[in-house]
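This report looks at one residue and at one chain interface. The model is predicted.

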2 protein chains.
Amino acid sequence: MTQHSHQTALTQFVDAAGIRFAYRRFGKSGGVPLVFNMHFTGTMDHWDPAVTDGFAKDREVILFDNAGISSSSGEVPISIEEMAADAAALIKALGLTQVDVLGFSLGGLVVQTLAIAESKLVRRVVLVGTGPRSGEGMATLTPEAQEIFGATYEEPDHLWLRVHFSPSERSQAAGREFLKRFRLRREGRNPEVSDKVAPAQLAALAKWGTPRENPYDYLKAITQPTLVVNGGNDVIIYPVNSFILQQNLPKAQLILYPDANHGSLYQYPELFVRHVSLFLDT
Amino acid sequence: MTQHSHQTALTQFVDAAGIRFAYRRFGKSGGVPLVFNMHFTGTMDHWDPAVTDGFAKDREVILFDNAGISSSSGEVPISIEEMAADAAALIKALGLTQVDVLGFSLGGLVVQTLAIAESKLVRRVVLVGTGPRSGEGMATLTPEAQEIFGATYEEPDHLWLRVHFSPSERSQAAGREFLKRFRLRREGRNPEVSDKVAPAQLAALAKWGTPRENPYDYLKAITQPTLVVNGGNDVIIYPVNSFILQQNLPKAQLILYPDANHGSLYQYPELFVRHVSLFLDT
């Protein structure tokens with residue numbers, strides 16, 4: 001298996017479920033790979049190299065664009081269930097029989113669903129900046145998210161300073177470091193997503209977030225050990241949703257980081273990698 | 001400094017604030033010591049050697065009985081503030097100018113108060129199985145705690161299987177291992193606390209827990225980095241109180257463990273020591 005890094009890993013392609021999936025695979029092979037599932041409107045390029053390369057020292061890392069995203073073909077489905085089925089198809093097409101999955105925000109909804117549908121394929125689950133079905137403030141974008149995603153930015157990348165980092169000086173400084181890392185890969189970058197992506201993902205989010213009776217009962221079906229992580233100041237998906245996940249999942253550990261917004265894993269990449277590695281390895 | 005362990009450390013004495021304090025001091029000296037603050041009706045002997053010796057490999061550990069507890073003289077004060085003042089007197093009497101503090105349950109109330117009163121003395125704060133002033137279910141013992149502390153047990157130690165561990169088979173098995181460790185020290189054990197201790201501590205707890213306006217505002221004064229830890233199934237001090245602490249403390253990280261009651265640090269001693277050491281050292 002390749003010993004490439006986040007910067008050098010080539011984008012490869014595999015066909016499954018009628019989709020030509022773009023993916024990158026790098027790090028130390030031989031163990032259970034960690035498959036990353038991306039957030040709203042993000043592509044493989046939106047992961048932080050400090051996180052992915054941090055994990056790649058000890059395990060194989062797989063990044064991919066789900067159906068209809070950037071370098072992958074097809075349309076973005078308007079349900080989380082279909083996104084999870086597509087993710088399962090990609091994992092199986094790579095010949096894998098057991099994986100750990102990490103889902104960030106929208107990707108966290110996908111991996112919850114995947115963990116239930118594919119209980120043998122998925123060994124352990126990491127949920128970052130995400131929430132349960134019918135979670136608090138999850139039927140629509142939160143008011144803060146509407147304002148942040150609706151604003152215009154001199155530098156388009158500066159959107160992420162407000163999505164992922166808190167307003168504090170310290171968090172914003174961490175954000176500027178993240179943006180440098182995020183732009184380090186220069187060759188073979190992914191195209192940004194098309195205009196069709198956001199509406200389809202929002203439709204899927206709305207169905208997930210809509211109020212229902214006993215909304216958290218489904219979490220009992222996630223029998224895998226689970227680690228729930230968020231920033232204590234997340235305004236995109238409120239941190240109470242991480243607490244609800246921990247309280248309702250059968251085997252969940254929770255970690256909340258201080259003075260951190262939606263992108264806590266990008267604010268504390270080294271600590272995050274150590275915490276998640278401890279969880280995956282013990 | 002002594003290289004003793006939890007089992008072999010001698011009980012020593014020092015006079016301060018009119019009290020003859022009993023304490024034990026062991027582990028690797030030269031850094032910032034970690035001072036342990038005990039729960040309701042507990043003594044130095046109630047700490048888990050897997051936790052204290054786990055920390056002692058890398059740092060100095062200080063256990064003590066606060067005023068009126070077991071081998072220490074004096075009366076148990078009926079306020080958390082006085083308990084914190086006594087703890088500060090003990091720390092200073094040992095000639096220390098900077099310490100990290102770990103407080104478990106009642107001890108967590110003491111170290112919150114200590115961190116505010118002695119902001120230079122206290123470098124970092126670890127709060128385990130505890131809660132804020134006017135926390136949820138903290139004006140009295142919770143109904144579950146009343147039942148557990150009110151019951152009789154064939155073996156008196158079995159009280160702790162219900163206080164510290166969840167009803168699951170796995171947690172109870174961890175509890176039985178804890179009880180073995182807890183009884184390993186045979187020489188120089190502490191006497192159990194007198195009948196005066198529980199009523200005085202309950203009076204202090206009642207004042208702490210009583211409802212008041214804007215009860216969590218005081219937490220803004222804890223400016224030290226803080227780690228909040230609990231079991232996700234704590235029935236003695238509900239885990240929502242740990243979430244409230246994280247949300248209101250300026251610099252707090254939160255960790256909740258799965259299938260764990262009040263004694264999460266005794267259920268997962270190795271993981272707890274690694275998580276806390278990461279927090280103290282980075």
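Where in chain B is N261(B) found? N261(B) sits in the loop between β8 (252–257) and α9 (264–267) of chain B. With a relative accessible area of 4%, N261(B) is buried, because the limit for that class is under 20%. A polar atom of the side chain of N261(B) lies 3.1 Å from the backbone oxygen of F165(B). Not counting residues up to four places away in sequence, N261(B) touches residues including R162(B), H164(B), F165(B), N230(B), D234(B) and Q267(B).

L256(A) has L254(B) as its bridge partner in β8(B).

| Item, chain A and chain B | Value |
|---|---|
| Residues in contact | 18 of chain A, 18 of chain B |
| Buried area | about 1700 Å² |
| Buried area on carbon and sulfur atoms | 64% |
| Residue pairs in polar contact (both at pLDDT 80 or more) | four |
| Salt bridges | zero |

F243(A), L256(A) and L278(A) supply 30% of the area that chain A buries against chain B, more than any other three residues. The elements of chain A that give two or more residues to the side touching chain B are α8 (240–248), β8 (252–257) and α10 (269–281). β8(A) gives the most, with six residues. By class, this side of chain A has 11 nonpolar, five polar and two charged residues.

Methods: Residues are numbered from 1 along each chain as its sequence is written. Chains are lettered from A and ligands numbered from 1 in the order in which they are written. This is a predicted model: local features need pLDDT of at least 70, side-chain atom pairs count only at pLDDT 80 or more; totals for chains, interfaces and linings use all residues. Side-chain values use heavy atoms; hydrogens and water are left out. Helices (H or I, at least four residues) and strands (E, at least two) are DSSP runs, numbered from the N terminus. Buried means under 20% relative accessible area, exposed over 50%, partly exposed in between (1.4 Å probe, protein chains only). A polar contact is a pair of N or O atoms within 3.5 Å; within protein, one must be able to donate a hydrogen and the other to accept it, and residues adjacent in sequence count only if both atoms are side-chain atoms. Contact means heavy atoms within 4.5 Å. Buried area is the accessible area (1.4 Å probe) that two parts lose on being put together, summed over both. A salt bridge is a side-chain nitrogen of Lys or Arg within 4 Å of a carboxyl oxygen of Asp or Glu. Ala, Val, Leu, Ile, Met, Phe, Trp, Tyr, Cys and Pro count as nonpolar, Asp, Glu, Lys and Arg as charged, and the others, Gly among them, as polar. Two strands pair if DSSP finds at least two bridges between them.
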